[in-house]
Amino acid sequence: MFSLGHLSVSETGEVKNHEHKYPYRLNFYNTPPIEEISTEEFETFALDRLQVLKAIEGAVLRSKTERQIADHIRDVSNQYLPLHSTEGGKGYPLEQERRKDHISHFILRLAYCRTEELRKWFIKIRFIEENKEERQAFLNNEKLNWKDLTQGEKESMKNELSHANPYIMFDQETFFIVDFEQVPDLVSRRAVYLKAGKAYVPLSEQVTLVVGEFRKKLSVALDLASRAFPSIDDERILPLLNNINQQYFGRTYINNNVTDKVTADNVDQLVEHFPLCMQHLHLKLRENHHLRHFARIQYNLFLKGIGLTVEEALIFWRKSFSTITDDKFQKEYAYNIRHNFGMEGKRHDYTPLSCISIIMNKQPGPGDQHGCPFKHFSEDNLKALLAQTGVRKDEHLKEILELVRGKHYQIACTKYFEITKCLDDLNSRDNGERHLIETIEHPNNYFEQSIKLSKASNGK
Ligand code: SF4
């Protein structure tokens with residue numbers, strides 16, 4: 001072997017390029033990054049990757065087919081963590097993209113171990129989309145060369161292999177022999193021929209082997225990471241690592257910029273764009289002409305976020321509390337309304353509450369109206385509210401309740417959005433244009449997405 005700058009030539013004449021740190025888009029993240037990065041990059045990389053992982057979680061739970069999952073993942077990845085292949089990515093900053101992928105993986109490895117299942121999807125979709133040569137080069141690099149079945153062995157087992165994999169084109173297929181423990185997914189799907197502790201895996205299912213290998217490496221790495229975690233005491237990054245899973249890092253929604261002026265008189269016409277928590281508060285307000293303290297804060301800040309000014313808010317609440325006197329309203333309620341707008345006390349300009357904050361803080365007691373219906377309602381009450389607000393079909397109710405039982409409240413909320421806005425119908429109607437929504441993380445984001453969708457489907 002000899003080398004020339006960043007090129008080396010092996011005895012077989014193969015030329016390798018060592019110029020790039022990341023020769024492949026695929027990565028098993030075997031080696032931690034050792035370079036210096038700014039705290040700003042640290043935070044941005046982590047949060048961008050988190051967006052993608054959350055979107056994957058949502059897609060896996062909400063989508064019906066693997067195609068839909070792949071579409072969701074591709075769209076969100078392109079937005080937050082683009083990662084082009086070597087062949088198709090000419091003109092893109094491939095090294096930068098792969099560096100971000102590499103570093104952000106390791107940050108979240110420290111912070112967010114729960115995502116193992118989600119990373120599986122990440123690598124799976126990328127592997128499927130990689131071209132044949134890059135896949136093979138990556139596998140060679142990782143020394144993942146599974147033993148092939150010889151042509152003679154393959155022919156002698158034709159009946160068994162074809163029977164186990166009826167959808168393959170037997171004559172063109174290559175098979176690998178691996179220990180059956182390496183492919184639990186295939187074994188549980190009965191999608192592989194088993195004999196004497198070995199599984200005979202067709203090339204078309206190679207991705208299962210890759211994911212299995214990735215999982216194995218990842219669980220060792222996560223174990224190492226969790227042991228390293230207590231020794232990290234850098235006060236610049238520790239808060240981010242500790243709270244990344246429970247904090248809302250998105251927009252504050254202090255300024256609505258998607259609707260025309262919101263006034264005390266047109267709130268009722270906008271309720272169809274409200275998430276379930278706010279629809280519930282609005283219904284209760286109209287029913288009782290009153291809301292309790294935390295419900296008022298939750299709703300008032302939401303209305304502030306969609307564009308209600310403090311003057312209009314005072315009119316809105318005054319009219320809504322129609323059974324009390326002006327004097328009582330001024331004494332007991334007006335101060336708090338102005339306070340939310342930063343006009344009283346410490347003059348803090350409060351932002352609308354995010355889903356995480358509504359779900360985790362101030363648990364509602366009996367008779368309270370605030371909170372998140374997906375998290376805080378009994379199943380019967382939730383069913384009644386869902387039916388009242390537009391979820392008519394049993395299958396839809398079932399889908400939402402299953403997500404709620406799995407404690408996926410925000411994904412249930414996103415599903416509710418999709419169902420009540422008939423997103424499937426819109427997607428099949430609008431000339432192949434797909435209306436995708438992000439997983440709901442903020443009630444005001446729900447509102448914004450609903451307004452945008454209605455404008456798009458009305459062609460405005
Ligand atoms: S998930 Fe968020 S937006 Fe949806 S109902 Fe719950 S708190 Fe409201």
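## The second largest cavity

About 50 Å³ of space lies in the second largest cavity of this structure. Here a cavity is a set of points, on a 1 Å grid over the protein atoms alone, where a 1.4 Å probe fits but cannot get out. Grid points are joined across faces, edges and corners, and a volume is the space filled by probe spheres set on the points. Lining residues are those with an atom within 4 Å of a point.

Which residues line the second largest cavity? They are His 293, Arg 296, Ile 297, Asn 300, Asn 336, Ile 337 and Asn 340. H13 gives the most, with 4 residues. By class, the lining has 2 nonpolar, 4 polar and 1 charged residues. In this scheme Ala, Val, Leu, Ile, Met, Phe, Trp, Tyr, Cys and Pro count as nonpolar, Asp, Glu, Lys and Arg as charged, and the others, Gly among them, as polar.

## About the model

You are looking at a predicted model, in which local features need pLDDT of at least 70 and side-chain atom pairs count only at pLDDT 80 or more, while totals for chains, interfaces and linings use all residues. Residues are numbered from 1 along each chain as its sequence is written, and side-chain values use heavy atoms, with hydrogens and water left out.

The chain holds 22 helices and 7 strands. Helices (H or I, at least four residues) and strands (E, at least two) are DSSP runs, numbered from the N terminus. Of the 460 residues of the chain, 47% count as buried. Buried means under 20% relative accessible area, exposed means over 50%, and partly exposed lies in between, using a 1.4 Å probe and protein chains only. A contact means heavy atoms within 4.5 Å. Among contacts between residues at least 6 apart in sequence, 67% join residues at least 24 apart.

A search of the whole structure finds 3 cavities of 30 Å³ or more. The largest cavity has a volume of about 110 Å³, and its lining is made of 13 residues. Cys 277, Cys 355, Cys 372, Phe 374 and Cys 413 lie nearest its centre. Helix H12 (276–288), H16, H17 and H20 each supply at least two residues of this lining. The lining residues divide into 12 nonpolar, 1 polar and no charged.

What takes up the space of the largest cavity? The ligand does; a molecule sits in a cavity if more than half of its atoms lie within 2 Å of the grid points. The residues around the ligand are Pro 275, Cys 277, Cys 355, Ile 358, Cys 372, Pro 373, Phe 374, Gln 410, Cys 413, Ile 440 and Pro 443. The shell divides into 10 nonpolar, 1 polar and no charged residues.

## A buried asparagine

Is Asn 445 buried or exposed? Asn 445 counts as buried because its relative accessibility is 7%. Its place is in helix H22 (residues 443–457). Not counting residues up to four places away in sequence, Asn 445 touches Tyr 253, Glu 438, Thr 439 and Ile 440.

## Two residues in one loop

Glu 35 lies in the loop between strand E3 (15–17) and helix H1 (39–62). Glu 35 is partly exposed, because its relative accessible area is 31%. Leaving out residues up to four places away in sequence, Glu 35 touches Lys 21, Tyr 22, Arg 99 and Ile 103. Glu 35 and Ile 103 are 68 residues apart along the chain, and their C-alpha atoms are separated by 9.4 Å.

Thr 31 is also found in the loop between E3 and H1. At 53% relative accessibility, Thr 31 counts as exposed. With residues up to four places away in sequence left out, Thr 31 touches His 102 and Phe 106. Thr 31 and Phe 106 are 75 residues apart in sequence and 9.4 Å apart in space, C-alpha to C-alpha.

## Positive phi angles

Arg 347 is not a glycine, yet it has a positive phi of about 60°. Arg 347 lies in the loop between H15 and H16 and is exposed, with a relative accessible area of 57%. Lys 362 is not a glycine either, and has a positive phi of about 45°. Lys 362 has its place in the loop between H16 and H17.

Notes
Near = heavy atom within 4 Å. 1 Å grid on protein atoms, 1.4 Å probe; cavity = no way out; pocket = protein on both sides within 12 Å on 5 of 7 lines; lining within 4 Å.
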